[in-house]
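Here are my notes for a first look at this one. Have the model open as you read, and take the points in order.

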Amino acid sequence: MADTLQILQHADKEQQYLNLLPQIASLVENEPDFIANCANIAAALKESFHFLWVGFYRVVNQVLVLGPFQGPIACTRIAYGKGVCGKAWQQAVPMIVPDVDQFPGHIACSSLSKSEIVIPLIIRQQVVAVLDIDSLLLNDFDDIDRLYLQKVVDLLAHSFDALCLRI
Ligand code: SME
């Protein structure tokens with residue numbers, strides 16, 4: 001595993017994701033520890049795209065509990081169906097919020113957050129965690145982010161599933 005992330009300096013968003021994906025794959029492929037993999041993925045996404053906040057919430061005893069993240073401190077627990085994260089968990093689908101102030105029930109961990117994307121991590125039909133990303137910019141996420149962040153979460157799911165099968 002390389003210990004330095006290679007980042008394209010003058011590339012569009014899709015090229016950056018394409019450059020990042022194999023690096024994330026190599027970060028997680030031989031590491032069975034879920035927390036370690038979440039931590040490195042959060043760091044890789046933050047360093048590549050300079051989002052305000054990148055992190056994971058895990059489903060623990062029927063609540064989302066803060067996991068590894070990069071960015072300002074955040075709320076530690078989110079109930080089922082609450083906020084963007086709780087909604088993505090409830091509906092088990094990715095959610096893009098172009099303007100967080102227009103999202104009923106949005107949980108503002110930072111007043112600097114303007115838009116948000118949440119991708120649930122689904123293992124055997126169960127949401128076990130969500131990837132949550134906040135941006136300083138309005139309308140910062142689109143189908144390209146959804147597509148490639150889903151691929152990132154799929155890599156994590158694969159490593160998580162491999163871990164479950166080993167136990
Ligand atoms: N905004 C999220 C809460 C988590 S923070 O953004 C880190 C939500 O509405 O679920």
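1. A term to start with: a polar contact is a pair of N or O atoms within 3.5 Å; within protein, one must be able to donate a hydrogen and the other to accept it, and residues adjacent in sequence count only if both atoms are side-chain atoms. With that in hand, look at Ser 159, whose side chain reaches the backbone oxygen of Leu 156 at 2.8 Å.

2. Some ground rules. This is a predicted model, where local features need pLDDT of at least 70 and side-chain atom pairs count only at pLDDT 80 or more, while totals for chains, interfaces and linings use all residues. Residues are numbered from 1 along each chain as its sequence is written, and side-chain values use heavy atoms, with hydrogens and water left out.

3. Back to Ser 159, which sits in helix H4 (residues 143–166); helices (H or I, at least four residues) and strands (E, at least two) are DSSP runs, numbered from the N terminus. Ser 159 counts as buried because its relative accessibility is 7%, buried being under 20% relative accessible area, exposed over 50% and partly exposed in between (1.4 Å probe, protein chains only). Neighbours within four places in sequence aside, Ser 159 is in contact (heavy atoms within 4.5 Å) with Val 28, Glu 31 and Asn 37.

4. Next, strand E5 (residues 115–123): eight of its nine residues are buried, so the strand is largely enclosed by the rest of the structure. Two strands pair if DSSP finds at least two bridges between them. E5 runs antiparallel to strand E4 (residues 95–97), with three bridges, and Met 95 stands opposite Val 118. E5 also pairs in the antiparallel sense with strand E6 (residues 126–135), over nine bridges; there, Leu 121 faces Ala 129. In the hairpin of E5 and E6, with two residues between the strands, Arg 124 takes a positive phi near 50°.

5. Now the ligand. What comes nearest to it? Of the 13 residues around the ligand (a heavy atom within 4 Å), the nearest are Val 84, Cys 85, Ile 107, Glu 116 and Asp 134. A backbone N or O atom of Val 84 is 2.9 Å from a ligand oxygen atom, and a polar backbone atom of Ile 107 is 2.7 Å from a ligand nitrogen atom.

6. Last, the cysteines. The whole structure has zero disulfides, meaning pairs of cysteine sulfur atoms within 2.5 Å. Cys 85 is buried, at 3% relative accessibility, whereas Cys 75 is partly exposed, at 22%.
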